[in-house]
Amino acid sequence: MKLKAFHKLSYGLYLVASEYQGKKAGYIANTTFQVTSQPEQLAISCHKKNQTTQTILDSGIFSVSVLKKDVNMKIIGDFGFMSSSDLDKFSSVKTVTAITGAPIVLDSSVAWFDCKVTNSIDLGSHYLIVGEVLDADEISDEEPLTYKYYREKYKMLSPKNSPTYIEKSVLDAETAATVAEEKEQEPEHEHEHEYIFDGQSWVCVICGFTYNPEEGDPSMGIPPGTPFEDLPEDYKCPICNASKEYFKKV
Ligand code: FE
């Protein structure tokens with residue numbers, strides 16, 4: 001089985017949020033999709049270890065905010081890679097409520113849905129939770145973020161709790177096998193300008209962001225061609241805000 005086939009499935013990126021007994025919880029999801037139109041129902045796949053999952057099951061309500069392409073990466077870092085028990089993720093975002101009372105995040109969103117849980121199915125590692133949409137609004141004409149764009153722009157992989165998680169070493173092995181196969185089939189001269197991976201990339205062990213010295217990190221004002229060693233000491237991962245010591249060479 002070729003695991004890279006799973007990367008051909010298309011998704012968006014969403015912020016799922018809920019609240020139970022005054023405690024808000026939220027996370028970033030790519031597996032959110034409409035499953036029926038009469039009534040309108042959405043399904044989300046939530047890891048059992050994710051604190052938001054329990055909050056949704058306890059409260060019976062959740063919201064889905066559709067993130068925009070030009071998303072504020074702090075939202076991805078806070079909601080995608082931090083636990084609600086370690087960080088008040090909602091202190092720096094604007095929320096509203098609609099019918100169910102679930103917090104709805106407006107920052108970096110183009111639309112939202114307010115849902116009441118109608119069903120949940122135990123899938124082993126995850127629950128598939130279905131919710132009826134009681135209210136929804138489109139708040140911007142901006143383009144929604146797709147998972148493919150996010151993955152390619154930030155060279156990110158799904159976090160471990162994501163339903164679409166694939167072990168990085170397995171993907172790397174598949175890539176190496178494909179490159180070797182193509183090399184055998186193609187004439188030698190076609191490789192004159194091929195990018196040769198020199199083993200100098202650095203990966204954030206918290207979120208999986210890759211710092212590639214050839215590209216630098218324009219989002220943090222680091223020009224292309226800056227070796228990792230030359231990054232300022234206060235350089236932070238643009239996704240999860242981790243400091244340099246959390247990067248390891250790959
Ligand atoms: Fe990070």
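Cys115 is buried in this predicted model, its relative accessibility being 0%. Cys204 is buried as well, at 1% relative accessibility. A disulfide is a covalent bond between the sulfur atoms of two cysteines. For Cys115, the closest cysteine sulfur belongs to Cys46 and lies 11 Å away, which is too far for a bond; the cut-off applied to a pair of sulfur atoms is 2.5 Å.

Salt bridges, by contrast, are present, and a search of the whole structure finds six. One of them joins Asp122 to Lys48, with the closest N and O atoms 2.7 Å apart. Asp122 belongs to strand S8 (residues 109-122), whereas Lys48 sits in the loop between S4 and helix H1 (51-59), so this contact ties together parts of the chain that are 74 residues apart in sequence.

Lys69 and Glu143 provide another salt bridge, their side chains meeting at 3.9 Å, N to O. This pair also links distant parts of the chain, 74 residues apart: Lys69 comes from the loop between strand S5 (61-67) and helix H2 (73-81), and Glu143 from the loop between strand S9 (126-138) and helix H3 (147-154). Lys69 is partly exposed, because its relative accessible area of 31% falls between the limits of 20% for buried and 50% for exposed.

A further salt bridge is formed by Glu233 and Lys244, whose closest N and O atoms are 3.4 Å apart. Here both residues lie in the loop between strand S11 (210-211) and strand S12 (247-249), so the pair ties together parts that are 11 residues apart in sequence. Are the two partners buried or exposed? Glu233 counts as exposed, at 66% relative accessibility, while Lys244 is buried, with a relative accessible area of 11%.

The strands S11 and S12 that flank this loop belong to an open sheet of three strands, ordered S11-S10-S12 and paired in the antiparallel sense. S11 and S12 are the edge strands, each pairing on one side only. Strand S10 (residues 202-204) is joined to S11 by two bridges, and the two run antiparallel. Within this pairing, Trp202 stands opposite Tyr211 of S11. Strands of a sheet pair through backbone hydrogen bonds, either parallel or antiparallel.

Antiparallel pairing is also found between strand S3 (residues 32-37) and strand S4 (residues 40-47), this time over five bridges. Thr36 has Gln41, in S4, as its bridge partner. In a regular strand the side chains alternate between the two faces of the sheet.

Turning to the surface, Met1, Phe6 and Leu9 form a nonpolar patch with about 380 Å² of accessible area together. Leu9 is found in the segment before strand S1 (14-20). With a relative accessibility of 45%, Leu9 counts as partly exposed, and this value is over the 30% required of a patch member.

Note on methods:
Residues numbered from 1 in each chain as written. Predicted model: local features only at pLDDT ≥ 70, side-chain atom pairs only at ≥ 80, totals over all residues. Heavy atoms only, no water. Pairing = 2+ DSSP bridges. Helix = DSSP H or I, 4+ residues; strand = E, 2+ residues; numbered from the N terminus. Patch = residues over 30% accessible without salt bridge, like charges linked within 9 Å, V, L, I, M, F, W, Y side chains within 5 Å. Areas by Shrake-Rupley, 256 points an atom, 1.4 Å probe, with all protein chains shown as cover. Salt bridge = Lys/Arg side-chain N within 4 Å of Asp/Glu carboxyl O. Buried < 20%, exposed > 50% of the residue type's maximum accessible area, 1.4 Å probe, protein only.
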